[in-house]
Amino acid sequence: MSVLTRDEAQLRAQLLDVHRYTVELDLTTGDETFDSRTVIRFTARSAGDTFVELKPAELRAVTLDGKPLDPESLDDGRLPLKNVSAGEHELRVDAVMRYSRTGEGMHRFTDPSDGETYVYTQMFMDDVQRVFAAFDQPDLKAVFEVSVRAPEGWTVLANGVTERRADGVWQAAPTPLISTYLVAVAGGPWHSVRTEHRGLPFGIHCRRSLAPYLDADAEEILGITRACFDRYHEKFDEPYPFDSYDQAFVPEFNAGAMENPGLVTFRDEFVYRSAVTDTERQTRAMVVAHEMAHMWFGDLVTLKWWDDIWLNESFAEYMGYQTTAEATRFTDPWTEFGVTRKSWGYEADQRPTTHPVAPEKVDDTASALLNFDGISYAKGASALRQLAAWLGEKDFLAGINTHFARHRFGNATLADFIDSLASATDRDVPAWADSWLRTTGVDKLTPHVTVTDGVCALAVDRAGSRPHRLTAGLYDHDLADEGRLLLRARLDLDVPQAAPLPIGKRPALLLLNDGDLTYAKVRFDAESFATVRAGLSGLPDPLTRAVVWNALRDSVRDGELPPAAYLETARAHLPRETDLALVQGVLSFASGQIADQYLKPEDRPAALAALTALCRDLLRRTEDGDHPGLRLIAVRHLISVAAHPDAIAAWLADGTVPGGPELDPELRWRILGRLAVLGATDEATIAAELERDPSATGQEGAARCRAALPDPEAKRAAWEAMFAGDDLSNYLFTATAQGFWQPEQAELVRPYVARFYTDAVAVAARRGPAIATAAARWAFPAHAVDPDNLRLGEACLREADPIPALRRTLADRLDDLARALRVRAEETEPAQVARAE
């Protein structure tokens with residue numbers, strides 16, 4: 001399919017003014033397709049040629065101003081409109097559209113638990129064309145009036161309030177001016193919990209089979225929704241701009257959530273069937289806050305073209321975390337941001353595929369889609385947090401409110417936003433934007449402590465170009481408790497410095513970026529590094545500990561700290577950690593990257609043994625039942641690193657972990673998956689477990705387990721399902737891929753390493769960007785850390801011409817592979833992570 005270029009969009013926006021879409025969808029025509037009829041009313045400012053986008057199964061009829069156009073003229077998703085005269089026009093399109101199984105366009109899902117069917121749209125970027133005809137670019141906003149004929153017993157949700165008419169058709173209220181990619185429909189026999197807040201209807205919705213789980217958390221979800229809604233009305237002068245607020249938890253959703261105005265869609269894993277930690281609940285709260293922020297950032301004021309996606313995502317990310325902290329019981333989400341999201345940004349920003357937060361030119365929609373990554377989200381949010389610290393919260397919000405007032409229901413660019421901010425301050429905002437938003441890479445900050453006449457001073461060496469406003473934390477040993485570190489002071493610091501900063505007597509630990517207000521890698525002086533290795537768990541604040549753990553993680557990835565030294569630090573300090581996000585983050589890095597990739601195969605058993613011992617320490621610490629979240633994390637990770645099947649097989653047989661918890665479906669599938677890897681289960685046991693849990697997540701668990709069996713026939717069947725057929729949905733494809741590659745089975749799957757590159761290129765070309773991304777992310781042979789795998793991948797990028805989504809994700813995975821090879825080759829001593837005084 002062709003992609004829309006920036007130049008084409010600019011020309012079309014100069015020619016057209018689009019007023020209104022009337023869209024009629026009929027979802028009663030069968031399981032494979034639906035009918036789509038669209039009327040578009042628009043004005044041509046001058047005579048000329050243009051086109052409308054559509055990707056139908058069949059184009060039945062098209063008329064422009066009552067005159068038929070040739071359906072055969074549709075070419076590669078574009079219907080040409082030749083010789084359009086200046087003035088008002090009406091385009092009518094009658095088409096048959098295909099349902100999707102990959103989460104793109106109109107996704108259709110039948111729940112294996114009860115046989116009920118659900119559909120929902122994901123129109124993002126350019127997938128509205130899979131549902132109805134459109135002039136598909138963000139700056140051609142219009143009013144949308146949508147009606148849907150749905151099967152009996154269904155409820156239809158949309159951007160506005162919907163009502164079922166006498167003829168059985170659901171009619172949605174017309175929208176305000178919105179972009180094509182934000183139109184949304186969701187249909188099915190939804191279970192709904194409805195309420196009202198500030199005079200607006202609010203609702204949350206899920207599949208019927210998930211009803212008990214949604215009901216259990218309904219007050220928490222709605223309470224967070226109300227609290228965030230009220231907080232945004234305190235921050236923003238512009239009131240919520242739509243007529244209702246529905247949140248639908250939908251199956252097989254590719255993203256975390258999507259900010260459709262009035263109808264936010266979430267992946268329905270956020271309706272928890274099994275036990276979760278409080279950090280996972282905090283993440284759900286943050287996503288609610290993030291998507292609500294989009295009602296202003298993205299929906300009310302929308303980017304003009306996709307080079308400004310940061311105006312949507314960076315702001316929603318920043319506001320999501322900040323508002324969660326301000327308005328909900330989750331008062332410390334920035335720790336999770338620091339340990340999870342920020343590392344995502346750091347990693348993306350050090351790859352060859354990095355890009356500025358606000359790139360100067362994104363040529364087309366395919367290129368734009370690749371930029372929805374850790375840079376646009378985590379780095380952009382970090383930059384905004386730094387901007388708020390630099391401007392001050394009052395001026396920052398004043399500039400934002402000016403931006404809303406100037407561009408409400410319209411489109412804006414980076415220049416527009418910078419102008420709005422500059423109107424609220426005397427600071428040089430354009431210079432700040434050039435330094436932070438137009439550059440790539442991660443700065444590195446290293447402290448130097450000098451002593452003059454017994455007085456210490458701090459100088460910071462900056463590798464990079466950005467100005468930083470940060471805090472330096474000074475910590476001393478607690479004389480009453482040698483395991484604790486006491487904060488002496490936090491000193492504000494601007495880098496580059498005008499002069500070294502006096503700090504009094506030398507602290508035991510000097511920590512740059514304490515409070516995590518800037519975006520940079522930090523290192524330690526020699527004495528501070530010794531204190532970290534001995535006393536990390538004695539630091540009083542979890543966000544401080546997150547900064548330290550991130551510094552250690554970065555040092556491992558940069559080849560400055562041996563992976564074994566990180567494991568030793570984790571073994572020493574994690575059993576005393578209280579913050580769940582930190583425990584989860586450190587264990588995930590230690591097992592998923594260090595044990596599985598950074599250590600040589602012969603060193604992996606010792607690493608798994610150390611992680612097993614660490615998890616058992618956590619279990620012993622939680623035997624009193626006072627720390628259920630910490631215990632759950634320990635149980636999950638102990639299962640994942642188990643080198644022998646006996647203990648976890650006994651848990652499965654007993655249905656419980658000794659001392660708790662009892663095994664819920666998630667833990668049962670997790671154990672069975674590990675037993676499959678170890679060759680300690682079989683198809684009959686997997687089938688019996690699936691009969692016990694025939695849900696959608698049960699189907700995914702079974703696919704993951706079957707692909708993980710160390711049996712040549714099981715591997716062949718899994719591979720064929722992924723790459724030879726096109727029947728797997730996006731979620732079943734991912735589950736199968738997650739099970740397939742296992743470090744313990746390296747010899748068994750070796751023949752598939754070379755096959756991956758040819759087969760991934762082919763399946764991506766057939767099935768499109770969603771499956772391409774899943775293939776590169778989950779079906780990539782990451783365990784094969786060897787030069788041959790890297791050579792094969794590089795040859796694929798040079799010679800095979802993969803589609804952009806596969807090319808980008810594959811390039812990232814190959815860079816990770818090259819980094820793992822470098823880390824394995826390093827023989828650096830631990831002390832070299834610190835810079836000598």
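Two strands count as paired if DSSP finds at least two bridges between them. The legends below describe close-up views of a predicted model.

**View 1. An open sheet of five strands with mixed pairing.** The strand order is β15-β16-β17-β19-β18. The edges are formed by β15 (191-197) and β18 (257-258), each of which pairs on one side only. In general, strands of a sheet pair through backbone hydrogen bonds, either parallel or antiparallel.

View 2. Thr265 in β19 is the bridge partner of Met258.

**View 3. The packing of helices α5 and α12.** Two packed helices are described by the angle between their axes and the distance between the axes. For α5 (residues 333-349) and α12 (residues 542-557), the angle is about 25° and the axes are 9 Å apart. Angles under 35 degrees count as roughly parallel, so α5 is roughly parallel to α12. Their crossing is right-handed.

**View 4. Residues in the contact of α5 with α12.** Helix α5 contributes Trp334, Thr335, Gly338, Val339, Ser343, Tyr346 and Glu347. From α12 come Pro542, Leu543, Ala546, Asn550, Arg553, Asp554 and Arg557. By class, the residues of this contact are six nonpolar, four polar and four charged.

How values were computed: Residues are numbered from 1 along each chain as its sequence is written. This is a predicted model: local features need pLDDT of at least 70, side-chain atom pairs count only at pLDDT 80 or more; totals for chains, interfaces and linings use all residues. Side-chain values use heavy atoms; hydrogens and water are left out. Helices (H or I, at least four residues) and strands (E, at least two) are DSSP runs, numbered from the N terminus. Axes are lines fitted to C-alpha atoms, for helices over the stretch in contact, and angles run from 0 to 180 degrees between N-to-C directions. Angles under 35 degrees count as roughly parallel, over 145 as roughly antiparallel, 65 to 115 as roughly perpendicular and the rest as oblique. A crossing is left-handed if the near helix is turned anticlockwise from the far one by less than a right angle, and right-handed if clockwise. Contact means heavy atoms within 4.5 Å. Ala, Val, Leu, Ile, Met, Phe, Trp, Tyr, Cys and Pro count as nonpolar, Asp, Glu, Lys and Arg as charged, and the others, Gly among them, as polar.
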